[in-house]
Each structure stands twice: as C-alpha cells, then as structure tokens.
Amino acid sequence: MDVTALDDPTDAQIRQWHAVLTAVHAADPAGEPAPELEHTMARLLGAEQGGRQRLWTAVTDGRTVAVATLRLPGEPGAARPGEIDIQVRPEHRRRGIGRRLLTVAAEGLRADGRSSVIAQVLEGTPAVPFLEAHGFRCVLTLRGLLLDMADVPPERTAALLASGPGGYDLVRWRGVVPDEHAEALAHAKHAMADLAQYEGVPWDAHRVREMAEMVAKRGDELYTVAAVRDGVIAGFTEVVVPADSPARAAQYDTAVVPEHRGRRLGIRVKAAMLDWLRAERPEVREIETDNAGDNVHMLAVNRELGFRPQRESREYQADAADLPT
C-alpha cells in the first residue's frame, strides 16, 4: 500500500477519490444524498478561503482504497484546531489503512503548529470505535433533522410570523453581512452552543465575514435573516443553498441571545427564512440541520416547524500529542 500526498490532484485522482466516497456512502448512507462528483471536485481543487487543506490517498494495486483530508483554518500555528476526515472503502477496513492515514495527517497537523484536531462522524458507523481507539474523545452529540418545505405551506409560516413579538425588525441579506450589522452578528453568535465552546475561538466581525466568503468561494449562497432591535441582533438564522445540489439546503447557525429568549424569536426568523427561500429559491425542497443533543430549546423550535429526525452524529476532538506517530 502506498500513501501519497495530493498537492494538485488530477482528474483521474479526483474520480478515484469520489469513488471511495461513493462506496462509503453506500455502506453508511444515514439518509443523506449520495455525493456528487462536482462537489467532490470543488472540495479537492480549492481550499476554503481563510484556510488550507492537505490531501492523501492510500493506493493498493493501482486502486485508491482510502482518502484523508486535513483542513487547516487560519494561518499556521493558529489556536483553532485542524479538521480531519478519513474515508476507507468498506472492504478494506480493519487492515490498518485508516491508522496509516491518521498518522500521516497527524504529522501534517503538528508540522502546522496545531495543538488539536476535530472530526465529525456518523453514530453507529465504524468511524466511532476507530476514533475512540486513537485518542479522540466525544465533545458533542449532534442530531440531524430534515424539513420538507412542502410540509410548511405559506399560511403556516404566516401564522408563525404573527405569533412573534412586536418591536423587532426582520432584516435579511445574502452573502457577507453588511458592515452595519457585522459586530452585532458576531456578538449574537456567542449565544450558540456549538463547536466554538471547545474550539476556544471567539466570534468577531472578521470571522463572520470570513465564513461568508468561504461559502461564496465554493459557489454556494448564504442567506441570513435577523431580528433587530435598536441596532442589536437579538436572534438570527442562516441557510446555505449549495450550487451543485440546491434541492437540499443546509441550515447553518441559528441563535437567540439570552436576554431576548422566551419571545419566539427563533421560530419567527426561521419562518421568515422559509418564506424568503420559497419566493427566491423555489428549487429548494428540503432543509437539513444539526442540533446539539442538549440544545432542548432549538430542538423544540425545529420540531414545531416540522423537522424530522434523520441521523445522529458525533463531534470528536484529540490533542495532537495523543495522535499516533
């Protein structure tokens, strides 16, 4: 078996990489759409803005049997952890291939001056025991939910919007946040119970803009609806419509700051988002989201909107020093 770094993947290498993802999806689908070649190509040919990535393949008898991606947000030595993803063809698992790729990726992580790494995997798949056997600890459980837009007709969203409190303006924008709302959005993002709790990375106006720029670089489109009072963003929600598969949009962040909770702002901004997408992006038929398992309030909001359970995943984290060498 040969492990090779892909600095500039060729068309043939991208197709072999995609074949691995397709084989893994067939074994562990979890209700998700099959990966598309165009999406794989976009991911491999361009690291997201504000970060870099390293790629490796494991090849046996001329066939790619496993792949690994290490994403490195920020500059070398940044406090933010790296992000690792390893995929091994089902018929080649339990042969040490995943460990070999993890070892190589760990070397890249340490060489970049990172102290930790995170990984997200589906519950019930072989990735869970693999990570736990290699120094990773579970830091977050995520429940995957799916909303069928047809289940929330316009009259339903109108009723939800009417149920919200007065005194808040609903503001919306596409792409990067307008300058007048950048600091307020960063402050509102601190209300989220998400990865930032253990990443140790504060939200500021720069990071908010960077996230939106990364989405745009992929060719996807970010939509944001915010409830604003006296220049303060009391609550907001974000949805990304992928360029290559717009039928299923992805819910990004949603949060209501503590002093404005209990007023149904969360469900109001989400209802406004559904109305906006229905008018502007009628090709969107579904929205998928992940909620932290202990985020009782947001789970209740999504259930009221009509989201249905789809899958469960886990976020794992490991110290670079604990990874295999």
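**Second largest pocket**

I sorted the lining of the second largest pocket into seven nonpolar, two polar and three charged residues. Here Ala, Val, Leu, Ile, Met, Phe, Trp, Tyr, Cys and Pro count as nonpolar, Asp, Glu, Lys and Arg as charged, and the others, Gly among them, as polar. The model is predicted: local features need pLDDT of at least 70, side-chain atom pairs count only at pLDDT 80 or more, and totals for chains, interfaces and linings use all residues. Residues are numbered from 1 along each chain as its sequence is written, and side-chain values use heavy atoms, without hydrogens and water.

I read about 150 Å³ of space for this pocket. A pocket is an open set of points on a 1 Å grid over the protein atoms alone, where a 1.4 Å probe fits, with protein on both sides within 12 Å along at least five of seven lines; lining residues have an atom within 4 Å of a point. Of the twelve lining residues, I noted Leu6, Asp7, Gln53, Arg54 and Leu55 as the closest to the centre. Helix H2 (37-45) and strand E2 (51-60) each give two or more residues to the lining. E2 has the largest share, three residues.

**Helix H2**

Note on methods. Points joined across faces, edges and corners; volume = space filled by probe spheres on them. Helix = DSSP H or I, 4+ residues; strand = E, 2+ residues; numbered from the N terminus.
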